[in-house]
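Thanks for coming, everyone. Let me put the structure up, and then I'll walk through some strands and helices.

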Amino acid sequence: MPHIYRRTIKLDPVNPNLCKILIVDDLPSNLFVIQSALEHIGAELLLAESGDAALEILMSEPEAPALAILDVQMPGMDGYELAQLIRSQERMRHMPIIFLSAYFNDVESIYKGYSTGAVDCLTKPFNPAMLQAKVKVFLDLKQYENKLFNSGLRFKSTINASPVPQALIDENTRFTFFNPAFIDTFGYSMGDVASLDDWWKMVSADEMVLKQLKAEWEASLTKAKEQGSVFEPLETSVRCKDGSIRSVIASM
């Protein structure tokens, strides 16, 4: 039965939610060397002596680690096979993988590593300072990603509680979110309308009103972008899902 280790390195009492790094190598001595190289990195290290043990750890984790460091040559499931299994899981598909191997001494081996999904391939024996520097880059990226995610949650929570109807659109003007006030006011839910263009077609009283509204909207948007000014709100009428008409001031 393969051993599974978990050890928290340098737990920060101010920020206990440390990023996690999965490290897999069939030799305990190699695990110790990698662990020693990263002992001051400020992360939780998840150590496994086989591919099966690594998968067991990953399945028990609520979210994907910030990074995986995989040995290539292992009995049973090798590093390439483990990487392919990791990439087959949606929640781990974009987790960065670094391969460590004593056999990265030819173009074919390196190509296989990158084609399997690695972001880097290091040759053993590796330089501890170099490994630490590379790992730090991915930890910083993960922490930034977490900040963006948490910021988005706080933003959505704020507009969720707002009594003003609000919707979010992406760079392709597709709707990504309606707050409860928006749904209560107009009756439309996310399943009813996909994009801003669809929205104007659904809520405009007639074709002439639609053309004028879209022209005014584009003019205000262009002016705001070119002059770096605030988008000028537009006053118009909206046809709700129940057929009633509401006067609204549309803004961005």
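**Strands first, then helices**

Four bridges join strand β4 to strand β5, residues 97–101, and the two run parallel. Pairing here means that DSSP finds at least two bridges between two strands. Helices (H or I, at least four residues) and strands (E, at least two) are DSSP runs, numbered from the N terminus. One partner to look at: Asp71 bridges to Leu100 in β5.

Before I go on, the ground rules. This is a predicted model, where local features need pLDDT of at least 70, side-chain atom pairs count only at pLDDT 80 or more, and totals for chains, interfaces and linings use all residues. Residues are numbered from 1 along each chain as its sequence is written, and side-chain values use heavy atoms, with hydrogens and water left out.

Back to β4. How many of its residues are buried? Five of five, across residues 67–71. Buried means under 20% relative accessible area, exposed means over 50%, and partly exposed is in between, with a 1.4 Å probe and protein chains only. In a regular strand the side chains alternate between the two faces of the sheet. Here, Leu67, Ile69 and Asp71 point one way, while Ala68 and Leu70 point the other.

β4 also pairs with β2, residues 20–24, in the parallel sense over four bridges. Ile21 partners Leu67, and Ile23 partners Ile69. Four of the five residues of β2 are buried, so β2 is largely enclosed by the rest of the structure. Five bridges link β2 to β3, residues 44–48, again in parallel. Ile21 stands opposite Leu45 there.

Now the crossovers. β2, helix α1 (residues 28–37) and β3 form a right-handed β-α-β unit. So do β4, helix α3 (residues 79–87) and β5. Right-handed means that, with the strands pointing away from the viewer, the path from the first strand over the helix to the second runs clockwise.

Last, helix packing. The axes of α2, residues 51–60, and α3 come within 10 Å and cross at roughly 20°. Axes are lines fitted to C-alpha atoms, for helices over the stretch in contact, and angles run from 0 to 180 degrees between N-to-C directions. α2 and α3 are therefore roughly parallel to each other; angles under 35 degrees count as roughly parallel, over 145 as roughly antiparallel, 65 to 115 as roughly perpendicular and the rest as oblique. Gly51, Ala54, Leu55 and Leu58 in α2 meet Leu82, Leu85 and Ile86 in α3, with contact meaning heavy atoms within 4.5 Å.
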